[in-house]
Amino acid sequence: MHRYITGLAAIIFSVSVQAVTPPEHGQAAWILADAATGQIESAHNPNLLLKPASTQKLVTTLAGALALGPDWRYQTRVHYRGKLQNGKLVGDLLIDFVGDPSLTREQLRDLLKRTGVRQVSGNVLLNQQRFGGYDRGNGWSWNDLSVCYTSPVSALILDRNCVQGALYARTGQAARATVPAHQPVKVSAQVEVLSRAEQKRRFCELEVDMSPPNRYRLTGCIGPRKDPWPLRFAIQDVDAWGEQLTRWALSQAGIRVSGGIKASRIEAGDWPALAHHHSPELRELSRRILEHSDNLYADSLLRTLGAEHFNQPGSFRNGTQAVRDILKQKAGIDLGPSWLADGSGLSSHNLLRADDLLAVLLVMAQDPRANWLMGVLPVSGESGTLRYRRSVLGPALKGKIMAKTGTIAHVQNLVGFIDTDGGRRKAFVLLQNGLSISPQHEKNIAAGQGEWPARRFERRWLESVVTPDSIVKTNQSATN
């Protein structure tokens, strides 16, 4: 199998795209190609290793499409061991969690009802054998771990392993944090409500301390606000969370348990099955990954690929290797020196080349096994993470781009497809890393004086692709 970009093609340049200048001090790479033929029309630093951020979700999802297919589903099953008669189980009940990121407590309740069990003399086991190793990826920032986009990617996922709350911050009053009464977490606040100027003078911001089992203490300061600040806490103690939500589900299902609710990691293949719950199909799960950039869904898929490919508990380590193997064996994509640490792109350890991402796009565009992925990408000005992205909201670009965004600190990437005014569809990769501006420049932009350099570059680059002579008009207006 072949790579999609040759050394000769990598030095071909388009005059209109090259006329757009990337932001100072950072690193930029891009490739533009015909989506149908793969012919390269422009390339700049195509083999430079850069942080992909969430554009890495394209790599993970393509591997899932090729290995599992669009109809694949997670299956959460309930098994038993012992004697079951007339709804009474003399023995243990086992819930085999498999990393379904869409599973809710209500769905667990309904699954338990379908077992027909009404009394358990032994224990209820919350089985997490499907995954092994760490539940978070290497290189995830420690100070992000309290928020829901870093929820633990465990085999046991209920309600996204996430709790929503609110922080009330009124001038002259102490801040107050709340979570819904039915949530089994504890939240307290010792937060000052200060003006923006006072926050800056004291270098003060909102901070959170975490302790088991799922306790959160807010400290620091925050500015006043009429409406409550939304909070989203990532669960830290998965076993405690699973026990408490399962206890609720058992009660709602009318099942009495004489023993306890315990975490387990056992092979339950020879335990008879009583009922199962199917997640939505992979084509719908992939919409969550690509259109809404859901980290939990992406990383659960990665660990699942590790489990399926190597027939062992899925982890970030075997999941990333599974992605490499699947792409090479099924699509001829050799990721070479690129580095995968997770499936979502959240880790700062990830490194990909524009070359790698273009290869993924061309498989999506040309391979019948993966064509359906194009239909779950965000559309500029219309859906997902492109609905409000300012660089693509102008009339020249709205509705013409289907692409995956990728944004973390100092990184702004966009990878996907674009339809030109001439009716051609092109695949493009636009990566910007190392982005930073001076505090004074940032202050000027916040005051409405100018535009973020990375956003301006992205917009002008895309406009030059849609309408090749637009860059000439842009340059003329800039000099007047």
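**Before you start**

The model is predicted, so local features need pLDDT of at least 70 and side-chain atom pairs count only at pLDDT 80 or more, while totals for chains, interfaces and linings use all residues. Residues are numbered from 1 along each chain as its sequence is written, and side-chain values use heavy atoms, with hydrogens and water left out.

**Stop 1: the disulfides**

Select the cysteines. A search of the whole structure finds two disulfides. The cut-off is a pair of cysteine sulfur atoms within 2.5 Å.

Zoom in on cysteine 148 and cysteine 162. Their sulfur atoms sit 2.0 Å apart in a disulfide. The link is right-handed, with 95° about the S-S bond. This pair links distant parts of the chain: cysteine 148 is in the loop between strand E6 (124–127) and strand E7 (162–168), and cysteine 162 is in strand E7, 14 residues apart. The element labels are DSSP runs numbered from the N terminus: helices (H or I) have at least four residues, strands (E) at least two.

Is cysteine 148 buried or exposed? Cysteine 148 is buried, because its relative accessible area is 8% and buried means under 20%, exposed over 50%, partly exposed in between (1.4 Å probe, protein chains only). Cysteine 162 also counts as buried, at 9% relative accessibility.

Now move to cysteine 204 and cysteine 221. A disulfide joins them, S to S 2.1 Å. Again the pair links distant parts of the chain: cysteine 204 is in the loop between helix H4 (196–202) and strand E10 (207–211), and cysteine 221 is in strand E11 (residues 215–222), 17 residues apart. Both cysteine 204 and cysteine 221 are buried. With bonded cysteines counted along the chain, the disulfide pattern is 1-2, 3-4.

**Stop 2: aspartate 92**

Select aspartate 92, in strand E4 (residues 88–96). Aspartate 92 is buried, at 13% relative accessible area. Show its side chain. What does the side chain of aspartate 92 reach at 2.8 Å? It reaches the backbone nitrogen of asparagine 123. A polar contact of 2.9 Å also joins the side chains of aspartate 92 and arginine 81. (A polar contact is a pair of N or O atoms within 3.5 Å; within protein, one must be able to donate a hydrogen and the other to accept it, and residues adjacent in sequence count only if both atoms are side-chain atoms.)

Widen the view. Leaving aside neighbours within four places in sequence, aspartate 92 is in contact (heavy atoms within 4.5 Å) with residues including His79, Tyr80, Gly122 and Trp271.

**Stop 3: threonine 246**

Select threonine 246 in helix H5 (residues 238–252). Threonine 246 is buried, with a relative accessible area of 0%. Show what surrounds it. Not counting residues up to four places away in sequence, threonine 246 touches Ile95, Phe97, Leu108, Val124, Leu126 and Ile261. Then draw a distance to isoleucine 222.

**Stop 4: arginine 265**

Finish at arginine 265, in the loop between strand E14 (261–264) and strand E15 (273–278). Arginine 265 is partly exposed, at 46% relative accessible area. Its side chain reaches the backbone oxygen of glutamine 128 at 2.7 Å. The backbone oxygen of phenylalanine 131 lies 2.7 Å from a polar atom of the arginine 265 side chain.

Arginine 265 and asparagine 127 are 138 residues apart in sequence but 5.3 Å apart in space, C-alpha to C-alpha.
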